[in-house]
Amino acid sequence: MKDVQDLLSRPPNVINVGLEIFYKDLKTQGVRAVSVEFRPPAGGDEHLAAILRRLQG
Amino acid sequence: MPVKVTVRKNTYYDSVTLMWLSREASGVPGMHQVVVVMGTDLNRELLDRVGLLDETARKAGPSDLIIALEAVDDRAIEAGEQAVEDLLKRRQELAPDAEHRYATLRSALQAFPEADLVSISIPGRYAWREAETCIKAGKHVFLFSDNVPLEQEVRLKRIAQERGLLLMGPDCGTAVISGVVLGFANVLRRGPIGVVAASGSGAQEVTSMIHNMGSGVAHVIGTGGRDLSREVGGLMMAMGISALARDSSTQVIVVISKPPHPEVSRGVLEVLRNTGKPAVVCFMGACHRSSLADGIWGADTLENSARIAVALAQNDDPASCLGHPSGWGRWVEVAAREARRLAPSQVFVRGLYSGGTLCDEAIHILSRTLGHVYSNTPLGPGLKVERIGAGHTILDLGDDAYTQGRAHPMIDPTLRQAMILDVAQDPRTSVLLLDCILGYGSHPDPGGSLVSSIMKAREIALSAGRHLPVVVSVCGTDLDPQNKDEQANRLRSAGALVLDSNAQTAAFAGNLMAEVGGTP
């Protein structure tokens, strides 16, 4: 677990979830970063997504 | 007019990419409408409203891509389809390489345990669950997404606080952590001033000015717009202030927000006092003049927040730096000269803003001398409008009312470009106020995107026998991706008056109107 002082002590390593432009900006700044290509869970089906969440615990 | 709608199943692109794509493709000759969106309920309604919803689109779901084209003839439709293909391919080439790309948050967390922070910018109804996963995995979160239910924000911020983690947001557009920009922020010199902000454009204006005055910024911690509400209670604001108190690189702390709920306000000021570090608070509109009270400086404008902070960092007395900015005398003369050139019909100030707090600051400053100022984000309920009508009107085009189905005006200038012309056509417009925000996240050429509208607006006014002053400030630094000096010069060449801060542009308009109205 990383506390806030640790976060402020050096440039952060980042996981980007969502807008590609934000990932691109992180790389331009030389940040260690990876990108998650977000997809609505269960193809957007709310009922299925709720089932999936219960299965994942 | 022929219409063609194609659906690609399980093909997802984010909303900013799709808006960019739709806009680029609509430039194809003969194209009447291009709408490229994911098949959510809201988007299908949008397509229906513009007559582009057919049977295939009706059956599309939220992870299906709908490409809807309407053009003068079939040849133009084909050209449009080809343009969309080319743009999608170009977009693919910019995608992260495979080893840095993950299909799920969980796999990314597993593969990259050294991650400190997760930046989340997905639709709000999905975003809070992802944020929860991150917090429970021990990561700090930058939550750009809005439309997160209030009760989830409260719940998640409490969990984050218990675990000693920052949850910046929801609706947090700006943060800079150890020099790394998250979201929309300017490139800043590192230095001794730390900022905690519930406001994006407020943080951008203050930090840009700190940089431009030769000082620097340790960190900008964002809290999201609702953090200082009664329900959330300033949880992240308190954590941010405490973190800056313990951060050895921070010597002065600046807090920026709209006025908090009164109970929350007391709590924030107490945490600030307990830091033992010099502090400046700008609760926008809360005070009419900067002053020191109980050991904390209260600033009346974003510019003064920066000036006080820089003075404190340099061990100077802030009181000695709070007079009019240098060069102000000249602007007073310019305002008087501009006022003399106005026609009798020109009696109302108009403003079109991309930054919410900059809009708010202008409204506060001008309300003091002009009285009623109408806005979509007004100071009181009787002053709420959705568009320019009668009276002094200053609009925040980044507000939800203007961003349904379109990108934020800091990214997409088209709505503001059109409204600038409307304002020019109104014979009652005496002066037009604009902001121009640079930095990461912003349009690659915000000033340039305003230039032709400003020139056209002044021509429209001139051909009707009116002189239209256009007043702008450029929020940014010399390190920003867009060249700040060049942006300002181009705006000047277009005939705009470019002042050094948002507060100065509003004060200029106030002076101009005082000359018109004959009030001192």
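## Two helices side by side in chain B

Helix H9 (residues 235-246) and helix H10 (residues 262-274) of chain B pack at an angle of about 10°, with 9 Å between their axes. Axes here are lines fitted to C-alpha atoms, for helices over the stretch in contact, and angles run from 0 to 180 degrees between N-to-C directions. H9(B) and H10(B) are therefore roughly parallel to each other, a label used for angles under 35 degrees. Helices (H or I, at least four residues) and strands (E, at least two) are DSSP runs, numbered from the N terminus.

On the H9(B) side, Met237(B), Ala238(B), Ile241(B) and Ser242(B) meet Val268(B), Val271(B) and Leu272(B) of H10(B), where contact means heavy atoms within 4.5 Å. By class, this contact has six nonpolar residues, one polar and no charged.

## About the model

This is a predicted model, in which local features need pLDDT of at least 70 and side-chain atom pairs count only at pLDDT 80 or more, while totals for chains, interfaces and linings use all residues. Residues are numbered from 1 along each chain as its sequence is written, chains are lettered from A in the order in which they are written, and side-chain values use heavy atoms, with hydrogens and water left out.

## Where chain B meets chain A

The contact takes 59 residues from chain B and 41 from chain A. About 4,600 Å² is buried between the two chains, and carbon and sulfur atoms give 64% of that; buried area is the accessible area (1.4 Å probe) that two parts lose on being put together, summed over both. Tyr12(B), Phe112(B) and Asp116(B) supply 13% of the area that chain B buries against chain A, more than any other three residues.

Asp116(B) also pairs with Arg10(A) through their side chains in a salt bridge (2.9 Å, N to O). The count between the chains is three salt bridges, each a side-chain nitrogen of Lys or Arg within 4 Å of a carboxyl oxygen of Asp or Glu. E5(B) gives the most to the side of chain B that touches chain A, with five residues.

## Two backbone details

The peptide bond from Gly169(B) to Pro170(B) is cis, with omega near 5°. Pro170(B) lies in the loop between strand E7 (167-168) and strand E8 (174-177) of chain B.

Ser178(B) is not a glycine, yet it has a positive phi of about 50°. Ser178(B) sits in the loop between E8 and E9 of chain B.

Conventions
Parallel < 35°, antiparallel > 145°, perpendicular 65-115°, else oblique. Nonpolar A, V, L, I, M, F, W, Y, C, P; charged D, E, K, R; others polar.
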